[in-house]
Structure formats: C-alpha cells, structure tokens
Amino acid sequence: MNFTDMLRGATAQNNSLLCVGLDPEPTRFPAGMLGDPRKIYDFCAAIVDATADLVCAFKPQIAYFAAHRAEDQLERLMQHMRANAPQVPVILDAKRGDIGSTAEQYAKEAFERYGADAVTLSPFMGFDSIEPYLAYHGKGAFLLCRTSNPGGDDLQTQRLASVDGQPLMYEHVARLAQGPWNKNGQLGLVVGATYPQEIERVRAIAPTLPLLIPGVGAQGGDAAATVRAGLRSDGPIIVNSSRAILYASKGEDFAAAARAEAMRTRSVLEAARG
C-alpha cells in the first residue's frame, strides 16, 4: 500500500483530517518525566496510544530527537507506531534538501532506518535533490511550498521574472510538484494554516496533491478556514497540531488531556468538512 492509499484509509477509518506532530521537548514534560530526555520515547508512545484512533497521520520532528541524542528512541517509536497503529501513516518531518549521493543517504535514513511512510523536503536545490526519495516507490515526499512562519515571505512570495507568467516562488513550486516533478504520484506540498488564502491558491494550482498543513493550534491557524481553503474531494489535506495537543496538561493526565484536545481539534475540522 502506498502513502496516499494509507492516508485515505486512515482519514476514512478515523473520520479525521488531524495529524499529531510529535515534537518532544523534555522541559515541557509532565511531572515524573520533566527535564529527562531519556523519557522521550515514553512520552511520545503515550501520546500515540492516546490518539491513534483520532488521526490520519503522525509527524515526528527529527530535530527534537537528534538534539537530545535520542535517535534510538525515535527508532523505537517508529516501531511502536507500526506495531500499534499500523493503519496510520507516519511522516518524518526532516526538511532535508541536498543533492546526489547525500540525498540518497538522507532518503535511506528516512525510509530504511526509520521506516517512515513520507518525509518533508526543501525543494530549493531543485529536482535532483528530490529524485532520490522518489526511488522509494510508494513513499511520499512533501515539498516546502508556503510555510507558516513569517520569514517565509523572504523567498516564497518573491516574483520570478524569468518564469512565464512571473509566478511567486511558492506558486512555481506548486506547479512543479503538480506537474513535471511528480513522475510517480508521490509528491505533496507543505502549506501553512496561517495563510488560508494562499492555501486556496496552492490548491488551485495543485488540485490533487496532498497538502500537509501545519500551524493549527499554538501557531494560531484557523482550523475551519484551513479546511475550506484546502480540502477537495480528490485533494486530501493533513492538518497538523503539535504543541497544543502534546502539552495540553503538565500533570499525570497528560495523555488523557492530549486525547481530549485531539478530539476537540478533530471535531472542529470535521465540522468544517461537513
């Protein structure tokens, strides 16, 4: 089963557009785990178990593991998700972007070492930095397009005078991903929930690509506006929330509180879809 099939299956089975981002920060862990990076796996596994029937995807952010020398815990977490939530695709949020043999190694890391179903990538270095990931048939690759951070304006909204029609850079990335780069139907785009009008613009350019949409929750993105802008019958969306769910409680009830917040967010998304 390829990534898109897994995504559609989990979306239907769990009646959900929600992705839970796994960004473990030990200084925000609940009592008993607080400040202990050795507890990263335990914390994330508890979140996964509490929300697995509420999500269409999980998205571990690799930097939060690597910064604490917890790559082995990420490997265990990936195995845990595969064993306990096999129907839910896992997107490794790595934002890699390099060429040639280096990209091949990053692809091997994402898909062989960690067993991810998809990965996030930077398209800045061009198609030859993306191609090695597409050699893994059935795996997904989400290209950064119109990101949720304010600094995205520095490059993504600049006009390309040398391209026909003089599109903005993010528009050009969307066209490439929908068209010539998407040779095997493996590509998707990352667009931020903080820019719903630009989500709609990306969707117009790339009507069928899956959109990974961070920025709902702690970053202030409007969940309902996100769904209206991005969701189409043949164009799936994955709406990510991380901190608002992970750190819904600092107490021993953190997993139950995470589940409650995930249920609330899923309901908002479903109401917008309906």
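Is Lys59 buried or exposed? Lys59 counts as buried because its relative accessibility is 5%, where buried means under 20% relative accessible area, exposed means over 50%, and partly exposed lies in between (1.4 Å probe, protein chains only).

## Basis of the report

This is a predicted model, in which local features need pLDDT of at least 70 and side-chain atom pairs count only at pLDDT 80 or more, while totals for chains, interfaces and linings use all residues. Residues are numbered from 1 along each chain as its sequence is written, and side-chain values use heavy atoms, with hydrogens and water left out.

Helices (H or I, at least four residues) and strands (E, at least two) are DSSP runs, numbered from the N terminus. A contact means heavy atoms within 4.5 Å.

## Lys59 and Leu212

Lys59 belongs to strand 2. Leaving aside neighbours within four places in sequence, Lys59 is in contact with Cys19, Val20, Gly21, Leu22, Asp23, Ile91, Asp93, Leu212 and Asn240.

Leu212, one of these partners, is part of strand 7 (residues 211–213). Leu212 is classed as buried because its relative accessible area is 2%. With neighbours within four places in sequence left aside, the contacts of Leu212 are Lys59, Ile91, Thr120, Phe142, Leu189, Val190, Val191 and Ile238. Between Leu212 and Asp36 there are 176 residues of separation in sequence and 31 Å in space, taken C-alpha to C-alpha.

## The nonpolar cores

In soluble globular proteins, nonpolar side chains tend to be buried together. A nonpolar core is here a set of buried Ala, Val, Leu, Ile, Met, Phe, Trp, Tyr and Cys residues joined through side-chain atoms within 4.5 Å. The largest such core has 77 residues, and those that touch the most other members are Val20, Leu22, Phe43, Phe58, Leu77, Leu92 and Leu189. Helix 2 (residues 40–51) gives the most to this core, namely eight residues. Apart from it lies another core, of twelve residues, including Leu7, Ile91, Val190 and Ile238.

What does Leu22 touch, not counting residues up to four places away in sequence? The partners of Leu22 are Cys44, Ile47, Val48, Phe58, Lys59, Pro60, Gln61, Phe65, Leu77, Met81 and Leu246.

Helix 2 has twelve residues and reaches 17 Å from its first C-alpha to its last, close to the expected 16 Å; the expected span of a helix is 1.5 Å times one less than its number of residues. Helix 2 is mostly covered, with nine of its twelve residues buried: Ile40, Tyr41, Phe43, Cys44, Ala45, Ile47, Val48, Ala50 and Thr51. These buried residues pack against strand 1 (18–22), strand 2 (57–60), helix 3 (62–66), helix 4 (71–84), helix 11 (243–246) and helix 12.

The 20 residues of helix 12 should span 28 Å, and the end C-alpha atoms of helix 12 are 28 Å apart, in agreement with that value. The buried residues of helix 12 are Phe254, Ala255, Ala257, Ala258, Glu261, Ala262, Thr265, Arg266, Leu269 and Glu270. They are covered by elements that include strand 1, helix 2, helix 10 (223–230), strand 8 (237–241) and helix 11. Thr265, found in helix 12 (residues 254–273), is buried because its relative accessible area is 4%. Not counting residues up to four places away in sequence, Thr265 touches Leu18 and Val216.

## The second largest pocket

A pocket is defined on a 1 Å grid over the protein atoms alone, as an open set of points where a 1.4 Å probe fits, with protein on both sides within 12 Å along at least five of seven lines; lining residues have an atom within 4 Å of a point. Grid points are joined across faces, edges and corners, and a volume is the space filled by probe spheres set on the points. The second largest pocket holds about 310 Å³ of space.

Its lining has 17 residues, of which Pro123, Phe124, Leu144, Met169 and Val173 lie nearest the centre. Strand 5 (140–146), helix 7 (153–156) and helix 8 (169–178) each supply at least two lining residues, and the largest share, four residues, comes from helix 8.

## Two loop residues

Asn15 has a phi near 50 degrees, a positive value in a residue other than glycine. Asn15 sits in the loop between helix 1 (3–13) and strand 1, and is partly exposed, with a relative accessibility of 43%.

Arg69 is not a glycine either, yet has a positive phi of about 55 degrees. The loop between helix 3 and helix 4 contains Arg69, which is exposed at a relative accessible area of 74%.
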